[in-house]
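Here are my notes for you to read alongside the model. Take them one at a time, and keep the 3D view open as you go.

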Amino acid sequence: MTQRKRTNADRTHLLGVLGSVLLATIAVVSIAVGALAWSQPRTDVVRLSPGVPASLTPSPLFDPGSTVFAQGEDEDPADPASWGCVLLRDATEVSLQVRPDFDAVGSRVLEGEPYVPVVAVGTTAEGDQLRCDPATGDTTAVVAMPTDVGVRAVPLAFVVGGIAALGIAGLLHPRGRGIRRFGS
């Protein structure tokens, strides 16, 4: 019995099947990663006492982390170094010196009082602690809050992109388009 030679139609069919299976696998993984990131809880609001370390909750996947906010309405508060904030991670101290972008982060209202961003903390891991000791000796209330409080765009993009890729994979598969290989 002689074996039939592969034709271009056979090769195209095989590429369509393999491409659709690969794209469908990537789509399912993308949806799973997006759903996992979306289901993780946000970082908690933590009130900070001067000189006392406070435990922070871990940041979820694709989240910008936390920011230190101070009570008040001044959009141009003191320099970040003057707040004396230190992130304690794995027995090391990291001095926080970055001023958050007020236009990107915005202000917050907590229990009827306005708060403005003063120091960017960034992402946090399990066991991280934050200590702030303002040099001014001011009794202004200081709170660590999530940097981004809106709908998280990256996990949403993973889910929507995964759903779109799954649809494209269905269209890419030859049987999804009603095409059958010769002889099958």
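1. Let us begin with the overall order. Read along the sequence, the chain runs α-β-β-β-β-β-α-β-β-β-β-α. That gives three helices and nine strands, where helices (H or I, at least four residues) and strands (E, at least two) are DSSP runs numbered from the N terminus. The radius of gyration, taken over C-alpha atoms, is 26 Å, well over the 16 Å that the globule rule gives for 184 residues, so the chain is more spread out than a compact globule. The globule rule itself is 2.2 Å times the number of residues to the power 0.38.

2. A word on what you are looking at. This is a predicted model, in which local features need pLDDT of at least 70 and side-chain atom pairs count only at pLDDT 80 or more, while totals for chains, interfaces and linings use all residues. Residues are numbered from 1 along each chain as its sequence is written, and side-chain values use heavy atoms, with hydrogens and water left out.

3. Now the outline of the chain. Taken along the principal axes, the C-alpha atoms fill a box of roughly 90 × 35 × 25 Å. Of the 184 residues, 32% count as buried; buried means under 20% relative accessible area, exposed means over 50%, and partly exposed lies in between (1.4 Å probe, protein chains only). Contact means heavy atoms within 4.5 Å. Among contacts between residues at least 6 apart in sequence, 78% join residues at least 24 apart.

4. How do helices α1 and α3 cross? The axes of α1 (residues 8–39) and α3 (residues 153–172) come within 7 Å and cross at roughly 160°. Axes here are lines fitted to C-alpha atoms, for helices over the stretch in contact, and angles run from 0 to 180 degrees between N-to-C directions. The two helices are therefore roughly antiparallel; angles over 145 degrees count as that, under 35 as roughly parallel, 65 to 115 as roughly perpendicular and the rest as oblique. The crossing of α1 and α3 is left-handed, meaning that the near helix is turned anticlockwise from the far one by less than a right angle, with clockwise for right-handed.

5. Who takes part in that pairing? By class, the contact of α1 with α3 has 19 nonpolar, six polar and no charged residues. In this scheme Ala, Val, Leu, Ile, Met, Phe, Trp, Tyr, Cys and Pro are nonpolar, Asp, Glu, Lys and Arg are charged, and the others, Gly among them, are polar. Do have a look at serine 30, which sits in α1. Serine 30 is buried, at 14% relative accessible area. Not counting residues up to four places away in sequence, serine 30 touches Phe158, Val159 and Gly162.

6. Next, find glycine 72 and proline 114. Glycine 72 is in the loop between β3 (66–71) and β4 (85–89), whereas proline 114 lies in strand β7. The two are 42 residues apart along the chain, yet their C-alpha atoms are separated by 5.6 Å. Leaving out residues up to four places away in sequence, glycine 72 touches Pro114, Tyr115 and Val116, and the residues that proline 114 touches include Ala70, Gln71 and Gly72. Glycine 72 is partly exposed at 23% relative accessible area, and proline 114 is partly exposed at 26%.

7. Finally, a backbone detail to check. Most residues other than glycine have a negative phi. Which value does phi of alanine 91 take? Phi is near 65° there, a positive value in a residue other than glycine. Alanine 91 is in the loop between β4 and β5 (92–95) and counts as exposed, at 88% relative accessibility. Glutamate 111 also has a positive phi, near 55°. Glutamate 111 belongs to the loop between β6 (108–110) and β7 (113–122), and is exposed with a relative accessible area of 67%.
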